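Student: I am new to this structure and would like to go through it step by step. Could we begin?

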Amino acid sequence: MNEVLKEIEKIGIVPVVVLDDPKDAEPLAQALCDGGLPCAEVTFRTDAAAESIRIMSEKFPNMLVGAGTVLTTEQVDRAVEAGAKFIVSPGLNPRIVKYCVEKGIPITPGCANPSDVEQAIENGLDVVKFFPAEQAGGLAYIKAIAAPYVGMKFMPTGGINPKNVRDYLAYNRILACGGSWMVKADLIRAGEFDKITELVKEAAEIVKESRNN
């Protein structure tokens, strides 16, 4: 497995971040690091994404900053140029996966069925995002499709929250979970970074409890 993905596995929960203004990138990164989850998937849903990734990567070089909702190879280039260490996409676009693999960029494409997983295997991947996790069948579905793919690990995202994340993390085929409950957009916009730090600390504690660390 790629070294970046091994680090994500140790962290356990990847905060999925939507930033509307790059000025929030540094205090948010500080909150994530202080809370014990030095990682962020900054989604490319807003114009602020690339600059936010750049700020986080430069100010916190030990932090794992990646790009999410990546839909084009041009976005891959922009994200990596800004400092992104990994790429996440909502679905499996063979062109984007091949592009990342050829360039040695870790990518976890979204998969929701066995055919997607087999495409990922065909491209040499051993970790995929499972999205939208709860809506697509949750942990029971992951366990069902994981059985024939013994070398594959999953990163469920979508509908993950403090009530169900423990169950996901306890399953040994889950690399990490993606979640946004500790970095909600309204908290970021309101500048409530102390509150975010507390929520991140609680999430980090859940990882320790779930994995007996």
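**A guided conversation**

Tutor: Just after helix 4, G83 has a positive phi of about 120 degrees. Please keep in mind that this is a predicted model.

Student: Which residues of helix 4 are buried?

Tutor: They are T73, Q75, V76, A79 and A82.

Student: And what do those buried residues pack against?

Tutor: The buried residues of helix 4 pack against helix 3, strand 3, strand 4 (87-89) and helix 5 (94-103).

Student: Is T69 buried or exposed?

Tutor: T69 has a relative accessible area of 17%. The cut-off for buried is under 20%, so T69 counts as buried.

Student: Which side chain does T69 join through a polar contact?

Tutor: The side chain of R45 is joined to that of T69 by a polar contact of 3.5 Å. With neighbours within four places in sequence left aside, T69 is in contact with E41, T43, F44, R45, Q75, V88 and P90.

Student: Let us change topic to helix 2. Which of its residues are buried?

Tutor: In helix 2 (residues 25-35), the buried residues are A25, L28, A29, A31, L32 and G35. Viewed down the axis of helix 2, these buried residues fall within an arc of 160 degrees, so they line one face of the helix.

Student: What does that set of buried residues pack against?

Tutor: The partners of the buried residues of helix 2 are strand 1 (13-17), strand 2 (39-43), helix 3 (49-59), helix 9 (185-189) and helix 10.

Student: And what follows helix 2?

Tutor: G36 follows helix 2, and its phi is positive, near 105 degrees.

Student: How many residues are in the largest nonpolar core?

Tutor: The largest nonpolar core has 80 residues, and those with the most contacts inside it are I8, I13, L28, M56, I87, F154 and I196. Helix 10 (residues 193-211) gives the most to this core, contributing eight residues.

Student: You listed I196. What is it in contact with?

Tutor: Apart from neighbours within four places in sequence, I196 is in contact with L28, A31, M182, V183, L187 and I188.

Student: On to rings, then. How many aromatic pairs does a search of the whole structure find?

Tutor: The search of the whole structure finds one aromatic pair. The ring centres of F130 and Y141 are 5.6 Å apart and their planes are at 20 degrees, so the pair is stacked. This pair links distant parts of the chain, with F130 in strand 6 (residues 127-130) and Y141 in helix 7 (residues 138-146), 11 residues apart.

Student: How accessible are F130 and Y141?

Tutor: F130 counts as buried at 1% relative accessibility, whereas Y141 counts as partly exposed at 26%.

Student: Which rings have a charged end sitting over them?

Tutor: The charged end of K129 sits over the ring of F131, 4.5 Å from its centre. Likewise, the charged end of K143 sits over the ring of Y171, 5.2 Å from its centre.

Student: One last topic: where does S115 lie?

Tutor: S115 lies in helix 6 (residues 114-122), and at 52% relative accessibility S115 counts as exposed.

Student: How far apart are S115 and R54?

Tutor: S115 and R54 are 61 residues apart in sequence, and their C-alpha atoms are 35 Å apart in space.

Key:
Residues are numbered from 1 along each chain as its sequence is written. This is a predicted model: local features need pLDDT of at least 70, side-chain atom pairs count only at pLDDT 80 or more; totals for chains, interfaces and linings use all residues. Side-chain values use heavy atoms; hydrogens and water are left out. Buried means under 20% relative accessible area, exposed over 50%, partly exposed in between (1.4 Å probe, protein chains only). A polar contact is a pair of N or O atoms within 3.5 Å; within protein, one must be able to donate a hydrogen and the other to accept it, and residues adjacent in sequence count only if both atoms are side-chain atoms. Contact means heavy atoms within 4.5 Å. A nonpolar core is a set of buried Ala, Val, Leu, Ile, Met, Phe, Trp, Tyr and Cys residues joined through side-chain atoms within 4.5 Å. Helices (H or I, at least four residues) and strands (E, at least two) are DSSP runs, numbered from the N terminus. The arc is that of the directions from the helix axis to the C-beta atoms. Rings of Phe, Tyr and Trp (its six-membered ring) pair if their centres lie within 6.5 Å; planes under 30 degrees apart count as stacked, over 60 as edge-to-face and the rest as tilted. A charge sits over a ring if NZ of Lys or CZ of Arg is within 6 Å of the ring centre and within 35 degrees of the ring normal.
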